[in-house]
Amino acid sequence: MSKTALVAAGAGLCFLGYCIYFDRKRRSDPEFKKKLRERRKTAKQQKQTTKTQLPDLTNQEAMQKFFLQEVQQGEELLARGDIEAGVEHLSNAVAVCGQPQQLLQVLQQTLPPQVFQLLIQKLPSVGQRLMSNAAAAAGGEGPRLEEDDLE
């Protein structure tokens, strides 16, 4: 074995030992689990409070603006690698689109097959939620589309 290989192996072992030592130290900390639970609870609450505000379904201009906004957000999130959120926004766009079949054909050609399948799977629940929001809006409530309802 060469001298550089021995030095590299020694450095690797030191780094591994360092990682193991601090992982044990972190896990044995009595506040670790408490902090972890708090972080998970905060993340869950943030996800629950994230809502997509639907426009007035009778206002064509507002619907078009919402559609373009959702397509743009969906594309940006997919480009960043956030597949779930990107698909949710694209499914919102398809749900309010005037010609959903043409949009789906374009998306099928541009999206990877697995992402397109996720989109197809989400569409029924989004359409159902959109219809219930339309009925609620007719009753006087403001329409909201919650991300949790899309799953």
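**Salt bridges, core and surface**

Arg26 is partly exposed, with a relative accessibility of 37%; here buried means under 20% relative accessible area, exposed over 50%, and partly exposed in between (1.4 Å probe, protein chains only). The structure is a predicted model, in which local features need pLDDT of at least 70 and side-chain atom pairs count only at pLDDT 80 or more, while totals for chains, interfaces and linings use all residues. Residues are numbered from 1 along each chain as its sequence is written, and side-chain values use heavy atoms, with hydrogens and water left out.

The side chain of Arg26 forms a salt bridge with that of Asp23 (2.5 Å, N to O). A salt bridge is a side-chain nitrogen of Lys or Arg within 4 Å of a carboxyl oxygen of Asp or Glu. Side chains of opposite charge can pair when their charged atoms come close. Arg26 and Asp23 are separated by about one helical turn because they stand three residues apart in helix H1. Helices (H or I, at least four residues) and strands (E, at least two) are DSSP runs, numbered from the N terminus. Asp23 also meets Arg27 in a salt bridge (3.2 Å, N to O), and a network of salt bridges therefore links Asp23, Arg26 and Arg27. Asp23 is partly exposed at 28%, whereas Arg27 is exposed at 54%.

The structure holds four salt bridges. One of them joins Lys122 and Glu84, whose closest N and O atoms are 3.7 Å apart. This pair links distant parts of the chain, since Lys122 lies in helix H6 and Glu84 in helix H4, 38 residues apart. Lys122 is buried, at 9% relative accessible area, but Glu84 is partly exposed, at 40%.

The protein as a whole has six helices and two strands. Of its 151 residues, 26% count as buried. The largest nonpolar core has 21 residues, among which Phe67, Leu107, Leu111 and Leu119 touch the most other members. Helices H3 (60–80), H4 (83–96), H5 (100–110) and H6 (113–138) are the elements that each give two or more residues to this core. A nonpolar core is a set of buried Ala, Val, Leu, Ile, Met, Phe, Trp, Tyr and Cys residues joined through side-chain atoms within 4.5 Å. Beyond its neighbours within four places in sequence, Leu107 is in contact (heavy atoms within 4.5 Å) with Leu90, Val94, Phe116 and Leu119.

Helix H4 also holds Asn92, which is buried at 2% relative accessibility.
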